[in-house]
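Q: I have this structure open and would like to go through some of its local features. Could we begin with the charged contacts and move on from there?

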Amino acid sequence: MAQRRINAILNHLAGSDDLNHEIDFNNPAERYTLKPNLTSAETASKHQLVLTDNKSGQKWNLPAPDTNTNGPVTPVQFIVLPKSKTTNSLTVLDNRTGKLYEIAIEDDTIPALKFKSMIGPNKEGIRVYDPAYQNTAVARSKITEIDGEAGVLRYRGYPIEELAEKSNYLEVSYLLIFGELPNKVQYERWSNEIMHHTYIHIRVMELMKSFNYDAHPMGMFISSISAMSTYHPEANPALAGNDMYKVSAAARTKQIVRLLGKVPTVAACCYRHRIGRPYNYPQSNLGYCENFLYMLDHLSEENYMPNAKLARALDVLFILHADHELNCSTAAMRHIGSTLVDPYSAVAGAASALYGPLHGGANEAVLRMLEEIGKPENVTEFLEQVKQRKRRLMGFGHRIYKNYDPRARIIRQVAYEVFEICGREPLIEVAIELERIALSDEYFIKRKLYPNVDFYSGLIYKSMGFPTDFFPVLFAIPRVSGWLAHWVESITNPAAKIWRPRQVYVGEGKRSYVPMEHRSIPEPGENDDNGFDMEIHYDLSKRSAAATYEGKYRKPELKA
Ligand code: CMC
């Protein structure tokens, strides 16, 4: 009865006498007749609301909502919203214009473009402001599913725990890229192709030799992958056709096989360069991880075979690191790929994003942190500094996981398997104590901070004898398959467009150029923080500092 009455009032406001008329809110003509429906209401008695049409003065009595029945009689203002045809939508009222919009919800998302049509007084549509993409979906993907609250990770529907136990990295890379586990024939072809694309161009090797002896391996890795694009002109869209990767599955697969095959070789050369040993050539008869270990470690021994258990441990780590949906580096891969550039350049860009200490560089940072803490007795003091925001607990926290990172749980097990072969890494005691105290501390509990994949991986790598600065490279090698899976998915999407976010401009308005002679120079001690740091010091040797010289530029100050 109440609903019928409300309908009747709505119809009145819409200018219709037909009480049974269903207002079509998708019809702009009908929607706009509702414009004057700003109505005031007050609770007249315990069970009654009086609704007033402010335009005509006409009043209606309505049953009051339960919550109002015992309260004081207070005048309220409200707007009668049209009833939506679907419950899976948002009704948005733009208070600037009084216009109503209905936005469909699909897969718990709303299309941001809908807001573009909400034109305000400044004639601009609304933009969605989301720095650091904290709540923005930029792709529909079928590759990896994460339930951060439940601590669940699945590749193409397969739980990470099952894949880590039963699969191997090459099979997982096939699964990620092509969507299904390979059958026997497919797997043999796939692994055979990859293991026969492991040689890198001799000039890439020579380029790598030109790095400084102590170059960070990740810097070498990024530059060398990028350089690889110059050795495959037929893979360059600038030369072979802008749309080549959109239209040709063969062109895509060729570069995928090459990249997956060559990436361990590049990584191994980075390592050998760092320790001053000649580069080894790949052995295509070995498994993916065995070949990698061989290239890292073989000297002149005959029939050198890496330890099978260590190769398997590395393989499990590779499975765990292969993909993680739209993390920072994968978003970078999609972003760069959206320009249709070649995949070598895109992988180099994604690897650069991975290098940062908040992302894949965290495994290196964790180990340096554990070394600095030194022993379990120092953990409490370190965590105090974290709580005072003087330090960050590396290897803890995640944008998506608000529960234990399932990869960290598996990695902890693998750590003990590796320790059995290579010896227990003493810093594990510090890590365990850090985890124990942090997980029972209010600061970390409140913020849902748990160990992530990088917390224990560094300890395995350290126990296996890898130098600390090589850890991010060990993350990058397997992540290449995830990047490529996302590259394929995004580039083959017929609706794909170049990624081009918007900004909110908050800078100066239009102003006129001021000639240099009219610009002020701050007095000593006056605020001058809008230029570059004038106090930059130079590494002058004592002898150069003592020398005199003349020239256009003043002599830099000696570093304090
Ligand atoms: N140590 C101390 N406090 C932290 C940490 C941490 N590691 N991580 C988050 N917080 C605090 C943060 O200060 C903030 O507190 P408040 O709300 O009081 O300001 C709150 O937790 C939320 O953190 P956030 O920085 O807004 O979270 P985010 O989603 O922007 O950052 C993160 C995620 C991974 C960058 C961050 O947790 C972090 O810096 N962790 C350490 C670096 C790390 O281990 N990175 C590896 C991530 S997993 C591997 C990968 O895929 O890259």
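**Salt bridges and local packing**

A: The structure holds 23 salt bridges. Please keep in mind that this is a predicted model.

Q: Which residue meets R368 in a salt bridge?

A: The partner of R368 is E364, and their side chains come together at 2.7 Å, N to O. Both residues belong to helix α16 (residues 362-373), where they sit 4 residues apart, about one turn of the helix.

Q: What does E372 pair with?

A: The side chain of E372 forms a salt bridge with that of R391 (2.7 Å, N to O). This pair links distant parts of the chain: E372 is in helix α16, whereas R391 is in the loop between α17 (379-387) and α18 (406-422), 19 residues apart.

Q: How accessible are R391 and E372?

A: R391 is partly exposed at 28% relative accessibility. E372 has a relative accessible area of 51% and is therefore classed as exposed, the threshold being over 50%.

Q: And what about D94, which residue does it meet in a salt bridge?

A: D94 meets R96, with their side chains 2.9 Å apart, N to O. D94 counts as buried at 6% relative accessibility, while R96 is partly exposed with a relative accessible area of 42%.

Q: Which residues are linked in a network of salt bridges?

A: E106, D107 and R140 are joined in such a network.

Q: Let us turn to the strands. How do β5 and β6 pair?

A: Strand β5 (residues 89-94) pairs with β6 in the antiparallel sense, over 6 bridges. The two strands form a hairpin with 4 residues between them, and G98 in the turn has a positive phi of about 75°.

Q: Where does I103 lie?

A: I103 lies in strand β6, which covers residues 99-104. The residue standing opposite I103 is L90.

Q: Is I103 buried or exposed, and what does it touch?

A: I103 is buried: its relative accessible area is 1%. Leaving aside residues up to four places away in sequence, I103 touches S89, L90, V92, I110, P111, K114, F115 and M118. As for V92, its C-alpha atom is separated from that of I103 by 7.5 Å, with the two residues 11 apart along the chain.

Q: What is the order of the strands in the open sheet?

A: The order is β7-β8-β9, making an open sheet of 3 strands with antiparallel pairing. The edge strands are β7 (144-147) and β9 (158-159), each of which pairs on one side only. Strand β8 (residues 152-155) and β9 pair over 2 bridges, and R154 stands opposite P159 in β9.

Q: Moving to α5, how many of its residues are buried?

A: Helix α5 (residues 169-178) is mostly covered, with 9 of its 10 residues buried. The buried residues are Y169, L170, E171, V172, S173, Y174, L175, L176 and I177.

Q: What is found at the start of α5, and just after it?

A: At the start of α5, a side-chain oxygen of N168 comes to within 3.1 Å of the backbone nitrogen of L170. Just after the helix, G179 adopts a positive phi of about 95°.

Q: Where is H298 found?

A: H298 is in the loop between α12 (288-297) and α13 (308-321). At 11% relative accessibility, H298 counts as buried. Apart from residues up to four places away in sequence, H298 touches R272, N280 and Y304.

Q: Finally, the surface: which residues form a nonpolar patch?

A: The patch is formed by Y129, V504 and V506, which together have about 380 Å² of accessible area. One of these residues, V504, is located in the loop between α22 (471-491) and α23 (542-546).

Technical notes
Residues numbered from 1 in each chain as written. Predicted model: local features only at pLDDT ≥ 70, side-chain atom pairs only at ≥ 80, totals over all residues. Heavy atoms only, no water. Buried < 20%, exposed > 50% of the residue type's maximum accessible area, 1.4 Å probe, protein only. Contact = heavy atoms within 4.5 Å. Pairing = 2+ DSSP bridges. Patch = residues over 30% accessible without salt bridge, like charges linked within 9 Å, V, L, I, M, F, W, Y side chains within 5 Å. Areas by Shrake-Rupley, 256 points an atom, 1.4 Å probe, with all protein chains shown as cover. Salt bridge = Lys/Arg side-chain N within 4 Å of Asp/Glu carboxyl O. Polar contact = N/O pair within 3.5 Å; in protein donor to acceptor, adjacent residues only side chain to side chain.
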